[in-house]
Amino acid sequence: MTQDIDPITLAVLAGRMEQIADEMDATLFRAAFNPIIAEAHDASHGLYHPQSGDTLVQGKSGLPIFVGVMSFAVKSVIEKASKDGNLKDGDIYIFNDAHLGGTHLNDMRLVRPYFNNGELFCYLASVGHWHDLGGAIPGNYNPEATDAFQEAFILPPVKLVKAGELQTDIIDILMRNTRLPQSAQGDLNGQLGALDLGVKRLDELLSEYGPDTVKSALNALQDRAEILMREELKELPDGRWEAIDYLDNDGVSDTSLPIKVCLEIKNDTMSLNFEGTAARCAGPVNIALPTAIATAYVAIKHMFPNLPANSGVMRPINILIPEGSLLSAPFPAPVGGYTETILRMIDVIFQAAAQAAPERVVANAYGTINALSISGKRKNGQPWVMFSFYGGGHGGSNESDGLNHGNAPISTATIPPLEILEAAYPVMFRKWALRTDSAGSGMYRGGLGATYEIEVLEENGAKAFLFGERGKYAPSGVVGGGNAALNVFSYEQDGGWQNPPMTSKMVGINLKQGQSVRLDTPGGGGYGTPSKRPPENVARDVAAGYITAEKATEDYGSAWQEVTI
Amino acid sequence: MTEIIIGVDVGGTFTDIFALNEKTGTAEVTKVPTSRPDQSDGFLSGIRSLVNNFSDLSVVVHGTTAGTNALLERKGAKIGVITTQGMRDVLEMRRRDRPKTWGLRGNFIPIAERNCRLEVSERTLADGTIRTPVDLPSVRKAAQELLDLGCSAISILFANSYANSENEDRAVAAVREIWPNSHVASSSEILPEIREFERFSTTALNAYLQPEVSGYLNRLEKALNTGGFSGEFLIVQSNGGVMGVDTAAKLPIRTALSGPAAGVIAAGYIAEAAGLPDIITGDMGGTSFDVSLIANNQSMLSSQTSIDFGMVVRSPMIEITTIGAGGGSIAWVDKGGLLNIGPESAGSTPGPVAYGQGNTRPTVTDANVVLGRIDPENPIGGKIEKLDVFAASKAIETHVGDPLGLSAIEAAEAILRVANSRMAGALRLVSIERGFDPKRFAFMPFGGGGALHACAMLDEVGLAKAIVPRYPGVTSAMGCVIADMRQDFVQTINSGVNDTDPTVIFEYLQNHVREGHRALDAAGTNFESRVTSFTFDMAYQGQTHTVNVPIYINVNNQVVAVPSLDQISNAFDLEYKKTFGRLLENGVRRIINIRTSVTGKRPRFDLATLAPKGGAIKQAFKGTRSVHFGDQWYDTNIYDRLALPVGAIIPGPAILEQPDTTVLIEPELVGRIDDYGNTLIERSKL
């Protein structure tokens with residue numbers, strides 16, 4: 001039973017607690033060794049419910065996907081602790097098992113119970129993407145993995161700290177299982193530092209306001225988030241809407257994999273039912289159940305961006321993930337390619353929601369992270385690996401055309417400058433440009449995808465692999481908007497340019513010095529009927545070279561030709 | 001002939017003038033409305049209101065928002081770009097980011113239109129090798145095409161030009177032959193640093209500003225000269241130093257944060273004089289609260305900033321963090337029943353409800369008005385005669401009180417508590433991000449509104465004291481008078497320490513030093529001293545984030561000593577350990593960039609000049625007013641702040657008023673006027 005809390009204290013505490021999570025983020029970003037955390041902010045922190053593990057408060061600077069997924073890490077620790085029956089003040093659990101905590105094995109999760117006067121008050125958690133955790137491939141992105149053991153070292157929830165005493169044995173095990181122990185040690189210290197800061201700030205807050213007031217505030221904030229969500233849902237029409245989209249294949253066999261959702265709104269509740277989605281597959285496009293639930297949350301937060309990041313928001317929402325589907329793959333199914341699958345989940349949720357509430361969603365973004373690796377040996381025998389993700393267009397909205405060359409909806413990471421890549425690896429970008437004719441047409445068109453053409457400069461040649469999607473099924477427009485262009489991957493051989501048999505997935509491409517690979521990434525889908533686009537805007541796009549005259553006439557008719565700009 | 005130094009800060013609403021008479025040791029300040037669209041009218045009339053004859057002026061230093069405004073309002077020139085084959089979209093593709101984390105909405109229109117970005121055949125590789133020499137006939141053709149398209153400034157942006165600028169140099173020379181004005185620059189001239197988007201963006205934004213800003217500065221200089229001025233005319237840079245007007249006309253991008261930087265410089269100087277080495281400044285404006293941190297008398301520099309989404313400027317700037325909690329920020333209750341402040345703002349027009357200019361939604365200022373903290377009969381700024389307390393109260397009741405079940409007064413207190421809590425959050429976060437405990441800092445509000453919230457910062461963050469400068473409303477203008485002349489240089493090296501030829505580094509540094517001194521010489525002033533400092537951006541091989549390492553290299557008579565590689569390695573180890581606690585075994589140390597700054601120290605003026613002369617508390621006493629704190633009304637003494645004598649002790653609750661600022665001293669706190677006329681606020685000793 002929540003004691004009533006006055007609205008002023010509540011508003012102040014809402015900010016104070018969010019700040020604790022933000023300060024934990026800042027602490028880790030500053031201390032982390034590896035740039036994936038320090039610069040790309042692939043990390044997150046928050047406060048979680050002592051019994052349910054639900055998200056109470058989450059920092060604002062971490063990656064979007066973590067906002068939904070962290071509570072699963074805490075829930076796993078709660079289960080483990082209750083089974084063992086030995087939870088103590090000063091304990092800290094650590095694990096990376098993606099089937100328990102969601103996402104992938106690079107994400108190291110630390111969970112710390114927070115006690116106040118001997119009573120468990122809440123949990124604090126920290127997650128950060130470590131550079132390397134063993135496995136077959138440095139950096140752990142293994143497109144050929146058929147189980148999790150080939151992806152990385154797997155640690156289930158264990159106590160790293162027992163009642164304040166650091167278990168150095170655990171650290172020894174971890175450091176023996178990474179190719180980059182210094183980096184891992186730096187990140188671990190940063191995460192421990194962030195948890196320490198969280199404890200210190202909670203101590204201050206509780207002594208200032210008293211645990212009962214803070215507890216009431218936490219409960220009240222969940223309740224209010226729930227009310228906010230229900231109010232938003234009430235404004236939407238009741239009904240059922242379906243959408244289906246496909247993954248090209250799982251990288252092992254060339255069979256398309258449907259992802260299907262049925263979105264139902266009834267008064268102030270919503271359900272998302274993924275019945276009809278493909279069954280578990282052999283390749284790494286499976287995801288674990290926590291990841292699927294978290295993804296639904298990411299999609300909802302994109303539709304209602306002002307909602308707070310706590311689990312109250314999810315109370316009116318029912319998510320049904322069918323058993324045996326690739327959205328709830330059991331251990332030890334490989335999950336390294338989870339990004340492609342969750343991007344497609346977000347796409348279908350948007351497609352369904354666009355039918356219900358077209359003003360709430362944008363058209364589909366480019367929908368693949370295009371993980372491209374080019375590697376080889378230099379003349380002096382030194383190995384090199386250039387591994388990066390590539391961008392594409394965002395969907396149009398009811399306010400504007402989509403963004404050209406954006407990052408994936410599940411991430412906020414930026415792309416390295418080509419000069420940094422050329423300085424570090426024996427490659428040269430022949431082209432780094434927007435891709436003409438890649439955007440979906442519409443009253444508001446999609447943003448443009450990109451063309452990256454990369455030449456190998458090394459005498460010894462190089463090997464390339466790509467893990468991408470959207471080679472067969474284009475990013476979708478909404479509300480009558482057109483689809484964007486497909487993802488096209490090409491590579492140069494003695495006989496000329498070739499394309500992989502499995503469209504956007506291929507390993508073992510051999511390149512000679514002077515040969516290139518080329519990525520033409522999708523744009524975003526269009527929003528609204530193309531005929532509603534003002535001809536001036538079409539003419540301006542033609543003049544800028546965003547679209548060719550032929551495609552403009554095909555998509556929008558010939559009215560634009562009459563316009564002088 | 002007298003020796004008057006003038007500082008002019010042109011803000012959005014007011015142009016502030018600070019005049020220091022070095023002979024008599026007196027200072028005068030004034031505010032005039034900023035003129036639009038041409039800010040030079042306000043600039044000149046402001047100076048004239050203090051000084052009759054421009055020939056009495058020895059130095060005029062200007063903090064300007066002309067550049068910032070042109071960037072934010074997208075009112076720069078039509079510019080053309082000539083770039084490497086295959087790369088014309090770099091400016092538009094950015095670093096693959098997005099405007100907002102959540103919502104996936106919004107797009108980006110680059111400042112150079114796509115048909116004005118032309119490609120030519122040329123290519124330099126990362127190691128500096130020229131793979132394809134630049135095709136000069138197509139460069140000339142492209143330049144002509146851009147002229148025909150109506151471009152008035154042009155940027156030459158080639159890949160890897162930081163490693164070898166030969167292709168760019170040849171192209172820029174060819175363009176200069178045919179381009180009708182001086183608004184031509186290559187990326188390696190503006191910023192010879194690795195990372196093409198950041199370098200191109202900085203160069204293109206510079207071109208975008210050049211016609212407008214150089215025109216504005218030339219007009220000002222001409223008008224000053226026509227009025228008989230024969231002294232130096234200097235412009236404040238975002239790094240907190242000043243530069244000559246010729247440099248500013250060539251590098252207007254360095255003025256992007258000119259005004260706020262000057263404010264932080266003044267704040268640092270005032271705090272140092274007052275014996276407070278660690279302060280956090282807070283500038284509260286109409287829509288935002290700008291926070292900056294000074295530790296050990298050093299303001300923090302950031303190496304780059306985004307003026308707006310996708311508009312990245314890379315050059316050293318005083319680090320300023322902004323949150324959307326200003327006086328005009330709107331208080332509202334969401335559908336879940338939670339009180340929020342901002343991000344929506346009523347700004348200064350229409351402004352708070354109390355201004356009676358059409359806004360009906362309550363703001364932070366309205367809460368201050370309703371609680372009696374601002375005098376409704378004498379509003380700051382003199383734009384409005386009288387504040388409408390009733391309307392403010394009604395708005396607070398309707399939009400905040402009723403939904404939360406609070407009276408108007410309770411609701412006004414609630415608005416302030418939430419706003420203060422957010423401002424305190426910003427203070428805590430800037431210190432944590434820099435690895436400092438926030439409690440070691442004193443808070444220094446400046447700008448018109450900050451001093452109303454200073455006491456709350458003591459409470460919320462646990463700071464020991466706040467210090468309110470004597471003239472908080474004209475801090476930036478004062479900073480203009482204080483700032484040293486400073487030139488920053490950068491060059492990318494990007495090689496392992498042990499693979500680096502020290503003479504190559506030496507040559508770059510020597511060039512930097514020579515150019516830096518040339519700029520100081522050109523300013524035609526005597527500096528008290530000149531200081532050269534070097535820092536290297538370094539990292540272990542494989543890391544992309546760098547550590548800025550101070551390197552001590554002897555400079556004798558403007559001649560740089562050749563650095564030793566051991567010295568560089570040791571300096572890196574020292575700094576790395578300080579930052580990360582431990583070194584990387586077997587790590588390969590790399591030098592990414594080398595940076596030089598050449599500073600000419602300008603004569604300091606004695607802050608005691610500003611201190612009150614004589615006066616008595618009794619004479620400063622203006623009467624009492626009912627002011628609400630916590631849950632009750634207090635009979636609160638009101639003082640004329642500028643009439644209070646040095647050493648005056650004013651126990652709270654009290655309000656100190658001056659024409660452009662209200663200082664609030666809450667109950668349980670005490671204010672003291674220090675030797676410089678600053679007001680120090682601390683907890684009363686029990």
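Which residue in β32(B) does N637(B) stand opposite? The reply is in point 4, after a quick tour.

1. First, some housekeeping. This is a predicted model, where local features need pLDDT of at least 70, side-chain atom pairs count only at pLDDT 80 or more, and totals for chains, interfaces and linings use all residues. Residues are numbered from 1 along each chain as its sequence is written, while chains are lettered from A and ligands numbered from 1 in the order in which they are written.

2. Chain A as a whole. You'll find 12 helices and 20 strands here; helices (H or I, at least four residues) and strands (E, at least two) are DSSP runs, numbered from the N terminus. Its C-alpha atoms fill a box of roughly 75 × 65 × 40 Å along the principal axes. The radius of gyration of chain A is 24 Å, which agrees with the value near 24 Å for a compact globule of 565 residues (taken over C-alpha atoms; the rule is 2.2 Å times the number of residues to the power 0.38). Of those 565 residues, 61% count as buried, meaning that 20 or more other C-beta atoms, placed from the backbone, lie within 10 Å of the residue's own.

3. Have a look at helix α3(A). This helix covers residues 64-84 and bends by about 30 degrees at M70(A) (the angle between axes fitted to the seven residues ending there and the seven starting there). Because 16 of its 21 residues are buried, α3(A) is largely enclosed by the rest of the structure.

4. Over to chain B. An open sheet of four strands runs in the order β29-β30-β32-β33, with mixed pairing; strands pair if DSSP finds at least two bridges between them. β29 (621-629) and β33 (661-665) of chain B each have a single partner strand, so one side of each lacks a neighbour in the sheet. Strands β30 (residues 632-640) and β32 (residues 654-658) of chain B run parallel, joined by four bridges. As for the opening question, N637(B) stands opposite A654(B).

5. Where the chains meet. The contact takes 65 residues from chain A and 54 residues from chain B, with contact meaning C-beta atoms, placed from the backbone, within 7 Å. On the side of chain A that touches chain B, α1(A) gives the most, with 14 residues. The residues of that side divide into 31 nonpolar, 20 polar and 14 charged (Ala, Val, Leu, Ile, Met, Phe, Trp, Tyr, Cys and Pro are nonpolar, Asp, Glu, Lys and Arg charged, and the others, Gly among them, polar).

How values were computed
Two residues are in contact if their C-beta atoms, placed from the backbone, lie within 7 Å. A residue is buried if 20 or more other C-beta atoms lie within 10 Å of its own, exposed if 12 or fewer, and partly exposed in between; C-beta atoms are placed from the backbone.
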